[in-house]
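Grab a pencil and work through these exercises with the model open beside you. Try each task on your own before you read its solution.

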Amino acid sequence: MNALQIAFADGATIAKRNALKIRRAPDLLGGVVTLPIVFVLLFTYVFGSMISLPGMSYGEYLLPGIFVMTIVTSAQITGYTLTQDLQKGIFDRFRTLPMSPSAVLIGQTVSDVIMNLTSIVTMVLVGLLVGWRIHSSPLEAALGFLMLLLFAYAFSWVTATVALALRTPEVFNNVATILSFPLVFLSNAFVDSTRLPGPLKPMAEWNPVSTLIQAARELFGNTSPAIPTPSAWPMQHAVPVSFLWSVVLLAIFVPLATRLYKRAVSQ
């Protein structure tokens, strides 16, 4: 086998190892699933009664935003797990094995895709219970879920890079929370971005999370002609721009995370 085949084969082994670890530590997945469920119930039944949208229910507007919030939150587990393995010296053990150096990162990010898939399935079931429906074709809906998983995979490499730069779980958790909260809450996840005042409006409309949420709403059919179309270029071309964002993130952070990992295990 060539180097690329060896990297993917070793990565699959590490992914299996991480999947088993999640199964034996369900609290990792429980936190990621529980928080979005709380947000769905809170915003749908508490704030949903006070937020009106022309031509559609607030619940259907909300769920794509919850999907994206879930994958952004889940991606933090990549970084947290990496920092824990660094502290426990597991990477030093991996270094003594005849395995590809990139296998650890490939396995970690692939196992997180499995976790994100579980989270999204849970969110779909909860959404159906609160009245969310898909109004598009099966092909468009499948493309929407594929887009979410691709972005989740790409964003896992972002958090892996941050984790390898910081190296301690406590510092990573603080920094990841500081970075992820503005991405989610300064977006169109919970409110229409065209209603935001002053400089908050362009900040929200150029936020890649807002673009992804808008793309998910379009592909799931959770939009209304009565809701004003955002003027920002990414929002007007949300689906292709969302896929482009995933490609850009992978192109930047895969080599950067790999370089930081090699530096971390060489010390």
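**Exercise 1.** Work out whether Asn 222 is buried or exposed in this predicted model.

*Solution.* 
Step 1: Look up the relative accessible area of Asn 222, which is 0%.
Step 2: Recall the cut-off: buried means under 20%, and exposed means over 50%.

**Exercise 2.** Find where Asn 222 sits along the chain, and list what it touches beyond four places away in sequence.

*Solution.* 
Step 1: Locate the residue. Asn 222 belongs to the loop that links helix 9 (208-220) and helix 10 (233-236).
Step 2: Skip the residues up to four places away in sequence, and you're left with Met 56, Glu 60, Pro 64, Trp 132, Arg 133, His 135 and Arg 217 as the residues Asn 222 touches.
Step 3: Zoom in on one of these, Trp 132. Trp 132 and Asn 222 are 90 residues apart along the chain, yet 8.8 Å separates their C-alpha atoms.
Step 4: Now check Arg 133: its backbone oxygen is reached by the side chain of Asn 222 at 2.9 Å.

**Exercise 3.** Do the burial check again for Gln 214, then find its contacts outside four places in sequence.

*Solution.* 
Step 1: Gln 214 is part of helix 9.
Step 2: Its relative accessible area is 13%, and the cut-off for buried is under 20%, so Gln 214 is buried too.
Step 3: With neighbours within four places set aside, Gln 214 contacts Asn 188, Met 235 and Ala 238.

**Exercise 4.** Describe the chain as a whole: which elements does it have, and how much of it is buried?

*Solution.* 
Step 1: Turn to burial: 49% of the 267 residues count as buried.
Step 2: Residues 24 or more positions apart make up 83% of them.
Step 3: Finish with the surface. The chain exposes about 12,400 Å², and 70% of that comes from carbon and sulfur atoms.

Notes. Residues are numbered from 1 along each chain as its sequence is written. This is a predicted model: local features need pLDDT of at least 70, side-chain atom pairs count only at pLDDT 80 or more; totals for chains, interfaces and linings use all residues. Side-chain values use heavy atoms; hydrogens and water are left out. Helices (H or I, at least four residues) and strands (E, at least two) are DSSP runs, numbered from the N terminus. Buried means under 20% relative accessible area, exposed over 50%, partly exposed in between (1.4 Å probe, protein chains only). Contact means heavy atoms within 4.5 Å. A polar contact is a pair of N or O atoms within 3.5 Å; within protein, one must be able to donate a hydrogen and the other to accept it, and residues adjacent in sequence count only if both atoms are side-chain atoms. Accessible areas come from the Shrake-Rupley method with a 1.4 Å probe; for residues, only the protein chains shown count as cover.
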